[in-house]
Amino acid sequence: MILETGSPERVGFVVDKLGVEYPLPQALLRSNPAEIPGHTEQEVVRHYVRLSQMSYGVDTGMVPLGSCTMKYNPKVELRALELTEGHHPLENEETVQGIMEMLYLMQRWLAEITGTDECSLQPPAGAAGELSGLLIMKKYFDDRNEQRDEVLVADTAHGTNPATAGMLGKKVVYIRSNNEGLLDLELLKKVVSSRTMGLMLTNPNTLGLFEENILEIAKVVHSVGGLLYYDGANLNGILGIARPGDMGFDLVHLNLHKTFAVPHGGGGPGAGAICAKGDLVNYLPYPIVRKEGRRYVWFRPERSIGKIATFWGNVGNVAIAFSYILGLGPEGLRKVAEQSVLATNYLIAKLKGLNGLTLMAPHRPRKHEVVFSAVELAKRTGVTANDVAKALLDRGFYAPTIYFPPIVEEALMIEPTETEPIEVLDEFANALTDIVRQAFENPKPLQESPRNTSVGRVDNVKANHPSTITPSPRVKRLREKGLLGPLK
């Protein structure tokens, strides 16, 4: 932290008062001088450049985080964000017609891409899109006086799916996968009932497998009056090739910070969208942009669930996704899916049969991602999926997602995305192969990795328990004086 360095006597910048005094009320004056770090400009620059060099991101190398779709973010798109930043959300419609046209086109494009009728760009992230979808479901059934209290969730689902259903006070019913890694259709038929509000599903699923029975799944859910909800986290694998709406999904949320190359940020800011078909359009969050003649106007659907974010949503991030789609066009979007699927299956071909790594339903091709199990490696060598991930850091790669989905023991979830060249895929496969070879020959160094990173192996217990964290003397002093918040 910059608070831990510098000297109070050091000054980096002096403001000339020009002899002008600005008297403040006594109540607003500090009783003691502010304890702020004293640095020269050069020290400040060096501090933050050093921190940036300690970080790893998509501009540094491959980030194979499965299910996150950590795509390269084209830099020209950031200019689109900047064009929206100079406007205030309370401006009159007449002064932001260009931005509203962009939002209107984005709504239409996303509706076309997903096979739905209308989209709202209000949700600020994927989880907010999920919440919007389930709030729509709830209000839809409330309006029909139907008491439905169960939400069905695939056992390969993202953790946010059951969490979102739980936020609404609904009972979560898991539908297990069969031996092929697909939703168990026969079990679904036994579980659906008049209490079923809907089924939350992503296709391709979290194992990277396409739910080939999706039309039958939709028919089963609809047969009891339930709704089918699409989690858009894995859309990258079918973009421009297949549409959720055509599969029978009634509601679709999209992660613009995944499929459409908006930077993820540090847990945000993201951007979501929620799309609907038929009568459900009337429940979408507002505002939606409508076109009246040559003008664009804000519109609130008749039965709208209300607002999910402030003002217009994350407009800057929508602008980034808009420029991404505009730049690629329909054929380019389809190429994204084709190349991401090709990259994943190329990796599978390179790693298939690797001693210690196994693959569920190995005869099935994957879409955008693949989940290997390191359970045999752990049993035979003691090297776990966690150790493999740490060892990849030592070899210059970001680690894949581990221990998810929970139905795969010692899971290594890998998603290369569409922009990684074959040389990088080869390097990644070679690194994994080398780690597995070393596990059988000499596992101890792997179990102590990483050694070549700015921070070594973290004690998982201490890292998750605040009482074990010892702040520096300066941070402790600032906290005692109330100048820093308590550690939570």
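1. To start with the term itself: a cavity here is a set of grid points where a 1.4 Å probe fits but cannot get out, and its lining residues have an atom within 4 Å of a point. Please keep in mind that this is a predicted model.

2. With that in hand, the count comes to one cavity of 30 Å³ or more. For the largest cavity, the volume is about 50 Å³.

3. Which residues line the largest cavity? They are Leu-103, Gln-107, Leu-121, Pro-287, Val-289, Trp-298 and Trp-312. Sorted by class, this lining has six nonpolar residues and one polar residue, with no charged residues.

4. On to the cysteines. Searching the whole structure turns up one disulfide. Cys-119 and Cys-275 are the partners, and their sulfur atoms lie 2.1 Å apart. The bond links distant parts of the chain: Cys-119 belongs to strand β1 (residues 118–120) and Cys-275 to strand β7 (residues 272–276), with the two cysteines 156 residues apart.

5. Cys-68 has a relative accessible area of 26%. Buried means under 20% and exposed over 50%, so Cys-68 is classed as partly exposed.

Key. Residues numbered from 1 in each chain as written. Predicted model: local features only at pLDDT ≥ 70, side-chain atom pairs only at ≥ 80, totals over all residues. Heavy atoms only, no water. 1 Å grid on protein atoms, 1.4 Å probe; cavity = no way out; pocket = protein on both sides within 12 Å on 5 of 7 lines; lining within 4 Å. Points joined across faces, edges and corners; volume = space filled by probe spheres on them. Nonpolar A, V, L, I, M, F, W, Y, C, P; charged D, E, K, R; others polar. Disulfide = S-S within 2.5 Å. Helix = DSSP H or I, 4+ residues; strand = E, 2+ residues; numbered from the N terminus. Buried < 20%, exposed > 50% of the residue type's maximum accessible area, 1.4 Å probe, protein only.
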